[in-house]
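Please find below a colleague's note on the structure shown here. It is set out as numbered points.

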Amino acid sequence: MAISDSAQVEPPTPLGGGRRSVLRLFARLGPLPALLVVLVIVFTAANPSFLGGDNLLSVSTQSVFLLLIALGQMLVLISGGMDLSVGANVALTSIVSATVMSAVYGDTPAFTPDAINAGLWTALVVGLVIGLANGLGVAVLNVNPFIVTLATSSVFAGITLLISGGQEVGGLPRTFVYEVGSGSLAGVPVGVLLTVPVVVVLFLALGWTRYGRHLYAIGSNATAARVAGIKVRVTLLVTYVACAMLTSYAGWLLTARVSSGQPLLGAQFALQSITAAIIGGASLRGGRGSVGGTILGVVFIMLLTNGMNLMRLGSNQQSIAIGLALVFAVVADRLRTRARTQVAAGKATS
């Protein structure tokens with residue numbers, strides 16, 4: 001019996017040695033290393049102080065907020081979703097935690113530790129509530145993550161303005177502002193020291209725990225994961241809660257940095273965190289992402305922003321650059337996926 005043309009399967013074209021090496025390198029590392037090299041060369045040529053110690057220390061201090069949020073965003077992206085409410089989360093956390101700290105502190109130095117602890121726990125509770133709202137919408141009600149987090153973003157932004165009346169909240173403890181927000185220990189910014197344990201925990205959770213294996217499995221194929229006995233809803237709920245609590249922690253640290261509760265704080269973080277996570281190797285289709293890659297993605301975004309500041313580019317130009325970086329990251333993600341497929345096909349035929 002003759003076999004029709006449509007039933008015939010063309011064997012993958014074998015890859016040449018040089019092309020295979022390039023594709024394998026691109027599939028493994030993505031475009032980020034090359035982008036970082038180009039970025040450093042361009043901005044160093046434009047302003048020699050770009051690689052100065054003081055400038056790099058300033059960049060590391062400012063990076064911790066985006067890093068915490070991008071790590072949470074990475075978890076959600078691995079699961080196959082996204083969280084657009086992180087900006088509203090930061091503003092709500094800033095206003096609520098600042099209000100609590102100001103009330104407990106009351107300009108009485110003896111109450112400083114109590115006020116700081118109350119502010120931190122308040123921020124984490126805010127993150128828990130926001131994460132539960134997003135997680136229940138996605139995992140239990142099965143609503144698209146884009147719609148859920150876009151809606152909750154609007155709700156939380158409205159609540160923030162209702163609570164604050166559009167005004168900033170001052171009267172924070174001096175220790176919180178000058179030591180947590182701007183202080184350093186042995187030359188290392190306190191914000192960086194408070195972020196390192198979180199990074200270590202996330203690295204271990206993704207690589208060495210059942211939660212990490214289940215999260216990657218759900219992002220790769222949720223139906224197969226459910227058939228395999230993985231509790232998909234619980235894992236998704238935990239993931240959105242983790243993302244929101246990481247974001248609230250960043251909002252609390254950022255409140256110390258700006259020395260007051262700000263109702264419009266963090267509007268840029270939704271775009272920047274998604275861009276950093278995707279440039280760092282996370283995929284919009286889920287199933288991929290790493291702590292190390294996200295750290296490099298955040299370094300890229302922060303160096304890009306810092307370089308543009310040194311070149312005295314305005315916020316409008318910077319927004320255009322960040323938006324173009326996101327478009328490039330999405331295109332690079334597709335090209336990287338295609339490269340992985342071609343490399344795998346080459347292995348199968350070699």
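1. Basis of the model. The model is predicted, so that local features need pLDDT of at least 70 and side-chain atom pairs count only at pLDDT 80 or more, while totals for chains, interfaces and linings use all residues. Residues are numbered from 1 along each chain as its sequence is written, and side-chain values use heavy atoms, with hydrogens and water left out.

2. Overall dimensions. The C-alpha trace spans about 90 × 50 × 35 Å along its principal axes.

3. Fold and packing. The secondary structure comprises 14 helices and 2 strands (DSSP runs numbered from the N terminus: H or I of at least four residues for helices, E of at least two for strands). Of the contacts with a separation of 6 or more, 80% link residues 24 or more positions apart; contact means heavy atoms within 4.5 Å. Among the 350 residues, 47% count as buried (under 20% relative accessible area; exposed is over 50%, partly exposed in between, with a 1.4 Å probe and protein chains only).

4. Surface. The accessible surface comes to about 17000 Å², and carbon and sulfur atoms hold 66% of this area (Shrake-Rupley method, 1.4 Å probe; for residues, only the protein chains shown count as cover).

5. Nonpolar patch. A nonpolar surface patch is formed by L128, L132, L136, V140, L141, V143, F146, I147 and L150, with about 750 Å² of accessible area together. Patch residues have over 30% relative accessible area and no salt bridge, nonpolar side chains (Val, Leu, Ile, Met, Phe, Trp, Tyr) being joined within 5 Å and like charges within 9 Å; a salt bridge is a side-chain nitrogen of Lys or Arg within 4 Å of a carboxyl oxygen of Asp or Glu. Helix 5 (112–140) and helix 6 (145–164) each supply at least two of the patch residues, and helix 5 gives the most, with 4. L150 lies in helix 6 and is partly exposed, at 45% relative accessible area.

6. N134. This residue belongs to helix 5 and is buried, at 0% relative accessibility. Leaving aside neighbours within four places in sequence, N134 contacts D83, S85, V148, T149, T152 and Y240.

7. T294. Helix 13 (residues 291–310) contains T294, which is buried with a relative accessible area of 0%. Not counting residues up to four places away in sequence, T294 touches A70, L71, M74, A276, A277 and G280.
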